[in-house]
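Please read them with the model open.

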Amino acid sequence: MRWLTLYARSRQIPASLAAVVISAVAVGALARDGGGGPGDPRLPVLVLATGAMAVSIGLSGQDLALDRTAAIRWVSRRAAHVLLCGAVVGTVLLTVQAMGEDMATTAFVVRDSAGLMGLVALGAVLSGGQYAWTLPFAWLSFSFFAPPPTSAPMQVASWMLLPPGTAAGTLTALVLAVAGTAAYAVAGPRR
């Protein structure tokens, strides 16, 4: 049990969890004030992206050399870390939503939290844990200002904002989640 506490502290999980909860509550308050119309996916996507970016700092430890030379198998721990973070980010949004305004369906939350955590994991592999947030931030920014998704490439580019039953959105999120989690589990964060 002690190793789990030390792992959580080294990955800054308490601070990340506080940031996830605070952002979800703040956006939940915005939703009650009519910040977005019913069915507007921007507020729940903002909560999920903020949560994924907040937990991204925990994808690298304090000392990468120490992590790489440890006598434990990191592949399963890294994959579990990404999957657990995605589940926590989605659960926080669903919990805040249950206490107030209905912002998104469960399918939407699961799809977007999985895809965003895959993006964060890819960001950690490509840029390191301290810059893992840049990839989902850039994709989210593009999605907010992109033209309407009428073509297949634009649907892939704006997958975060598509309804949950859309094939392009679901497939893009699935590919990002699997590729990001697998790459991070095998390679770990960049030095």
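**Notes on the model**

1. Start with Arg111. At 7% relative accessibility, Arg111 counts as buried; buried means under 20% relative accessible area, exposed over 50%, and partly exposed in between, with a 1.4 Å probe and protein chains only. Arg111 sits in helix α6. Helices are DSSP runs of H or I with at least four residues, strands are runs of E with at least two, and both are numbered from the N terminus. Beyond its neighbours within four places in sequence, Arg111 is in contact with Trp159, Met160, Leu162, Pro163, Pro164, Gly169, Thr170 and Ala173. Contact means heavy atoms within 4.5 Å. Take Pro164 from that list: Arg111 and Pro164 are 53 residues apart in sequence, yet 7.3 Å apart in space, C-alpha to C-alpha.

2. A word on the basis. This is a predicted model, in which local features need pLDDT of at least 70 and side-chain atom pairs count only at pLDDT 80 or more, while totals for chains, interfaces and linings use all residues. Residues are numbered from 1 along each chain as its sequence is written, and side-chain values use heavy atoms, with hydrogens and water left out.

3. The overall picture. The chain has nine helices and zero strands. Along the sequence the pattern reads α-α-α-α-α-α-α-α-α. The chain has 191 residues, and 45% of them count as buried. Among contacts between residues at least 6 apart in sequence, 74% join residues at least 24 apart.

4. Helix α2. This helix covers residues 13-32, which is 20 residues. Its first and last C-alpha atoms lie 28 Å apart, close to the 28 Å expected at 1.5 Å a residue. The expected span is 1.5 Å times one less than the number of residues. Which residues of α2 are buried? They are Ser16, Val20, Ser23, Ala24, Val27, Gly28 and Ala31. Seen down the axis of α2, these buried residues fall within an arc of 135°, so they line one face of the helix. The arc is that of the directions from the helix axis to the C-beta atoms. Pro14, Ala15 and Ile22 are exposed on the other side of α2. The buried residues of α2 pack against α3 and α5.

5. Pro44 lies in helix α3 and is buried, with a relative accessible area of 1%. Not counting residues up to four places away in sequence, Pro44 touches Leu93, Met103, Ala104 and Phe108. Pro44 and Ala31 are 13 residues apart in sequence and 9.2 Å apart in space, C-alpha to C-alpha. Arg42 is also found in helix α3. At 44% relative accessibility, Arg42 counts as partly exposed. Arg42 touches Phe144 and Leu161, again leaving out residues up to four places away in sequence. Arg42 and Met160 are 118 residues apart in sequence but 8.7 Å apart in space, C-alpha to C-alpha.

6. α3 against α5. The two axes come within 9 Å and cross at roughly 145°. Axes are lines fitted to C-alpha atoms, for helices over the stretch in contact, and angles run from 0 to 180 degrees between N-to-C directions. The crossing of α3 and α5 is right-handed. Pro44, Val47, Leu48, Gly51, Ala52 and Val55 in α3 meet Cys85, Val89, Gly90 and Leu93 in α5. The residues of this contact divide into eight nonpolar, two polar and no charged. Here Ala, Val, Leu, Ile, Met, Phe, Trp, Tyr, Cys and Pro count as nonpolar, Asp, Glu, Lys and Arg as charged, and the others, Gly among them, as polar.

7. α5 against α9. Helix α5 (residues 74-99) and helix α9 (residues 167-187) have axes that come within 7 Å and cross at roughly 145°. Val75, Arg78, Ala79, Val82 and Leu83 in α5 meet Thr181, Tyr184, Ala185, Val186 and Ala187 in α9. The residues of this contact divide into eight nonpolar, one polar and one charged.

8. Helix α7. The buried residues of α7 are Pro136, Leu140 and Ser143. They cover an arc of only 60° around the axis, which puts them on the same side of α7. These buried residues pack against α3 (42-55), α6 (106-127) and α8 (152-157).

Technical notes. A crossing is left-handed if the near helix is turned anticlockwise from the far one by less than a right angle, and right-handed if clockwise.
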